[in-house]
Amino acid sequence: MAAEELKFLICGDICGEEGLEFFTGIIPGYVKDNGIYSVIVNGENAASGFGLEEKHCNALFDSGVDVITGGNHIFEKKDFHPYLNSASRVIRPGNYPPGAPGKGWCLVDKGGFKFVVVNLQGREYLSALDCPFRWMDGFLGENQFYPDIPVLLDFHGESGEEKEALGFYLDGRITAFWGTHTHVQTADNRILPKGTAYITDLGMTGAINSVIGSDIETSIKRNKMQILYKTLPARGPCMVQGIILTLNKEDGKALSVDIVTITEN
């Protein structure tokens, strides 16, 4: 008898309100048409490209999202900090110092099937945070979830080398690993030798004609002049990028990980 499968749609960083609007408009139908069990998305750039607000979280949850992850911009909006402290399924990188708003993981029980989502941030070319390798060692040692309960990790990092290194370090110890932050979808989706589903970066949700989601002209000017002009999310036809992660419902193990891109007609 074939294993019963659960499909997770896991999507890359939402860039601005236009990306958010496209995502929330298209996802309910996509979930229904493709038999998606759960939706996870990185939302840290939803507020005009930098940060997240409660209204954005509400819109995402209303569209069918189960967990919202973050990254280095999750703390941008100070008014959001109290919500981040109270929200059960909005998480930020766990390796920030103790006392930072929010938490780094959540346990989801959906229809009797439980899974854990963890959020971490890389250290190469980003802020000097606690070591994500050691943080995961401690987390997995303190919480005996896997293999009984799938552990899914959003690793928000700049460096592909760091992402691959952590992916292999955790291979066989967690169910799935995906990278976020660079907004460029990679083509290295695969099941690692010990069974962990992996991709270096999911990509992004936002304007197709953009520089990693931002306005093209300003992005060119920043690079030519080496002046950090403020960028805004680009406008125009949008896309959603990410993966479909398929798990075996019986044992929670990863069966496949496939790239997905949904574009605006």
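**Exercise 1. Which residue lies over the face of Tyr229?**

Solution. Lys221 lies over that face, at 4.3 Å from the ring centre. The rule asks that NZ of Lys or CZ of Arg be within 6 Å of the ring centre and within 35 degrees of the ring normal. Arg173 is placed over the face of Tyr169, at 5.1 Å from the ring centre.

Before we go on: this is a predicted model, where local features need pLDDT of at least 70, side-chain atom pairs count only at pLDDT 80 or more, and totals for chains, interfaces and linings use all residues. Residues are numbered from 1 along each chain as its sequence is written, and side-chain values use heavy atoms, leaving out hydrogens and water.

**Exercise 2. Classify the ring pair of Tyr37 and Phe115.**

Solution. Start with the rule: rings of Phe, Tyr and Trp (its six-membered ring) pair if their centres lie within 6.5 Å; planes under 30 degrees apart are stacked, over 60 edge-to-face, and the rest tilted. The count by this rule is 13 aromatic pairs. For Tyr37 and Phe115, the centres are 6.3 Å apart and the planes stand at 65 degrees, so the pair is edge-to-face. Next, locate the partners: Tyr37 is in strand β3 (residues 36–42) and Phe115 in strand β6 (residues 113–121), 78 residues apart. Strands here are DSSP runs (E, at least two residues), numbered from the N terminus. Finally, both Tyr37 and Phe115 are buried, meaning under 20% relative accessible area with a 1.4 Å probe, protein chains only.

**Exercise 3. Now classify Phe155 and Phe177.**

Solution. Their ring centres are 5.8 Å apart and their planes at 45 degrees, so this pair is tilted. Phe155 belongs to strand β7 (residues 151–156) and Phe177 to strand β8 (residues 176–180). Phe155 and Phe177 are buried.

Notes: Helix = DSSP H or I, 4+ residues; strand = E, 2+ residues; numbered from the N terminus. Buried < 20%, exposed > 50% of the residue type's maximum accessible area, 1.4 Å probe, protein only.
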